[in-house]
Amino acid sequence: MTVGLLERKENMTGLHEPLLEVKNLKKHFPIKRSIFRGSRGTVKAVDGVSLAVQTGETLGIVGESGCGKSTLGRNIIRLQEPTDGKILYKNQDITHFNEGELRKIRRDMQIVFQDPYASLNSKLKIGEIVGEPLRVHRIGNKREREEKVQYLLEKVGLDKSNMTRYPHEFSGGQRQRIGIARALSINPKLIVCDEPVSALDVSVQSQVINLFQDLQEEFGLTYLFISHDLSVVRHISNRVAVMYLGKIVELAETEKLYDNPAHPYTQALLSAIPIPDPVEQKRRERIILKGDVPSPVHPPTGCRFHTRCPLARKICREEEPTFKERNDGRWVACHLV
Ligand SMILES: Nc1ncnc2c1ncn2[C@@H]1O[C@H](COP(=O)(O)OP(=O)(O)OP(=O)(O)O)[C@@H](O)[C@H]1O
Ligand code: SF4
Ligand SMILES: [Mg+2]
């Protein structure tokens, strides 16, 4: 499932119209040090991201903590308003939609959060939690909503008798299933999954990942799957985007990216994954990056990875590499690749 990022390719093939397109998206948060001094610079959480997501695919987003994954996800479904750039949903520019306009597209876009403990209202019964989006969007009458909730609970592997119980009576994995049922209630097309299994025991993670895959197949869902766990992302994604300090440095089909990472940062990230085969593990060298991730308030000049890149040279400090498509269909931002 290869999908080009820019209009050029879509127009050329005429085959695909992406469900979602993001063009040079930026989200800068003002830093307020004191109410007297006002704003002091900005955190450049997302700083020029372009990507396209095809209907029915899973695009994985990986990168270290603080690189802007969640901010990207939240801006895409307009839980936050972008600072700059464009978000096109089904070819419609939703970048600056107001609340009234957003209501119409909110049914299509849902989010599943990392922490199934914090994201469910502990005072509500499961039936109320799962049915809440239906109520908010005034879908169906009470009996129809109840039937839908029962159906959804069964779809996510929970018995409908759980309707009258409270979140604290469930395990982390079960709560995440409840969160997924809630997200599904209004038949969304796109679901942003923000570290949806990171808080779960490893033994439960694969069950929830399988559930995501089954539901995708059954309902034709499209996922933006955010995680710092490279193995989880490899398992579920058709394509993967690697973020560093607010930018995508590489985007490619999953197998291409993992088998043969092109960007020096992707290479370093992947070199840290343990390989079950000891011979292969020995053959592959672990790349240890020097220093810490720089601050997104003052990102480095030129290529923002230059302060840690083992291959950095003069041009890297001076010129920002463009994010462009290579011959093999992958997108990379690096002067040397
Ligand atoms: N509301 C906000 N106000 C100010 N700064 C913010 C806000 N939200 C995020 N940031 C900053 O933006 C940067 C990106 O944060 P974000 O949460 O998007 O990263 P992330 O990749 O999701 O990290 P993690 O893997 O830890 O979840 C961080 O420096 C963070 O401190
Ligand atoms: S542009 Fe230079 S610093 Fe940046 S990743 Fe490529 S080689 Fe490294
Ligand atoms: Mg996050």
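Ligand 2 sits in the largest cavity. A cavity is a set of points, on a 1 Å grid over the protein atoms alone, where a 1.4 Å probe fits but cannot get out. To sit there, a molecule needs more than half of its atoms within 2 Å of the grid points. The model is predicted: local features need pLDDT of at least 70, side-chain atom pairs count only at pLDDT 80 or more, and totals for chains, interfaces and linings use all residues. Residues are numbered from 1 along each chain as its sequence is written, ligands are numbered from 1 in the order in which they are written, and side-chain values use heavy atoms, without hydrogens and water.

Around ligand 2 there are 13 residues, with near meaning a heavy atom within 4 Å. C303, C309, C316, C334 and H335 come nearest. The shell holds 10 nonpolar residues, three polar ones and no charged ones. Here Cys counts as nonpolar, Gly as polar, and Asp, Glu, Lys and Arg as charged.

R326 lies in the loop between β11 (324–325) and β12 (331–332). Strands are DSSP runs (E, at least two residues), numbered from the N terminus. R326 is buried, at 17% relative accessible area; the cut-off is under 20%, with a 1.4 Å probe and protein chains only. Beyond its neighbours within four places in sequence, R326 contacts V332, C334 and V337 (heavy atoms within 4.5 Å). R326 and C316 are 10 residues apart in sequence, but 19 Å apart in space, C-alpha to C-alpha.

Strand β6 (residues 109–112) is covered on both faces. M109 and I111 are buried on one side, Q110 and V112 on the other. β6 pairs with β7 (residues 190–194) in the parallel sense, over four bridges; pairing requires at least two bridges found by DSSP. I111 stands opposite V192 in β7.

Definitions and conventions
1 Å grid on protein atoms, 1.4 Å probe; cavity = no way out; pocket = protein on both sides within 12 Å on 5 of 7 lines; lining within 4 Å. Buried < 20%, exposed > 50% of the residue type's maximum accessible area, 1.4 Å probe, protein only.
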